[in-house]
Amino acid sequence: MTSNDDVSLKVMIAPSILSADFSQLADEIDKIDKAGADLIHLDVMDGHFVPNITFGPGLVETVRKITNLPLDVHLMITNPELYIPRFVEAGADYITVHVEVCTHLHRNIYAIKNLGVKAGVSLNPHTPIFMVNEILEDIDLLLLMSVNPGFGGQKFIQRTLEKIRLAKNIIKNHNYKCAIEVDGGINDVTGPKCLKAGADILVAGDYIFRSGDYAKAIKSLKTF
């Protein structure tokens, strides 16, 4: 197996702690670590870009203290450039911003990279791949939303599979190094379909944390 520094070369599972029991967060994170998680996905929402509010750098810092797993921080917020340094200081290993809110996307990506963190760009379900054609060469992670962001437990949007295939072809044809991550409605049916289409990383919340057997759930997502 390759190291986490080259995420595009193996299947990786990133449980989203948005679905975890926050009253036992340390225990939950320990369980998913032992169950075979590769990353921890942290959904940061501001109530403006998406209709929900979750948490900020403080929680990321707390999670950093209790795990050595890479922290995959997904900023679903407006004006992400104002907060990037704070999330880096909190311990993020990956920071992903949305193309829909970044007027100067290249500047945001290099603000992340210049702070020594891997940089990602996310697309909402309605946003076409061509919106990131000019930045794919520069990023480490392309996050494709397979639900409309804001809440967990939503149904997977099937058209995402074609979007994954299109992105994979562009990345392969240009020999880009970014991994494809998919987030939303991931389970033992939709997850393997995403992997077959070309995804490298699957984000799953409810499917893992409500499974009763985290190791079994994570293993099922890697089987395709």
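These legends go with several close-up views of a predicted model.

The model is predicted, so local features need pLDDT of at least 70 and side-chain atom pairs count only at pLDDT 80 or more, while totals for chains, interfaces and linings use all residues. Residues are numbered from 1 along each chain as its sequence is written, and side-chain values use heavy atoms, with hydrogens and water left out.

**View 1. A tilted ring pair, Phe22 with Phe55.** Searching the whole structure turns up two aromatic pairs; rings of Phe, Tyr and Trp (its six-membered ring) pair if their centres lie within 6.5 Å, and planes under 30 degrees apart count as stacked, over 60 as edge-to-face and the rest as tilted. Phe22 and Phe55 have ring centres 6.3 Å apart and planes at 35 degrees, so this pair is tilted. Phe22 sits in the loop between strand E1 (12-15) and helix H1 (25-35), and Phe55 in the loop between strand E2 (40-45) and helix H2 (57-66), so the pair ties together parts that are 33 residues apart in sequence. Helices (H or I, at least four residues) and strands (E, at least two) are DSSP runs, numbered from the N terminus. Is Phe55 buried or exposed? Phe55 counts as buried at 14% relative accessibility, and Phe22 as partly exposed at 39%. Here buried means under 20% relative accessible area, exposed over 50%, and partly exposed in between (1.4 Å probe, protein chains only).

**View 2. An edge-to-face pair, Phe209 with Tyr214.** Phe209 and Tyr214 are 5.5 Å apart centre to centre, with 75 degrees between the planes. Phe209 is buried at 8% relative accessible area, and Tyr214 is buried too, at 12%. Phe209 also touches Ser16, a residue in the loop between E1 and H1. Ser16 is buried, with a relative accessible area of 5%. Leaving aside residues up to four places away in sequence, Ser16 touches His41, Asp43, Val203, Ala204, Gly205 and Phe209, where contact means heavy atoms within 4.5 Å.

**View 3. H1 against H2.** These two helices pack at an angle of about 55 degrees, with their axes 10 Å apart. Axes are lines fitted to C-alpha atoms, for helices over the stretch in contact, and angles run from 0 to 180 degrees between N-to-C directions. H1 and H2 are therefore oblique to each other; angles under 35 degrees count as roughly parallel, over 145 as roughly antiparallel, 65 to 115 as roughly perpendicular and the rest as oblique. On the H1 side, Leu25, Ala26 and Ile29 meet Leu59, Val63 and Ile66 of H2. That contact divides into six nonpolar residues, no polar and no charged; Ala, Val, Leu, Ile, Met, Phe, Trp, Tyr, Cys and Pro count as nonpolar, Asp, Glu, Lys and Arg as charged, and the others, Gly among them, as polar.

**View 4. H5 against H6.** The axes of helix H5 (residues 160-174) and helix H6 (residues 190-197) come within 8 Å and cross at roughly 25 degrees, and H5 and H6 are therefore roughly parallel. Leu161, Ile164, Arg165 and Lys168 in H5 meet Lys193, Cys194 and Ala197 in H6. The tally for this contact is four nonpolar, no polar and three charged.

View 5. Among the buried ones are Cys194, Leu195 and Ala197.
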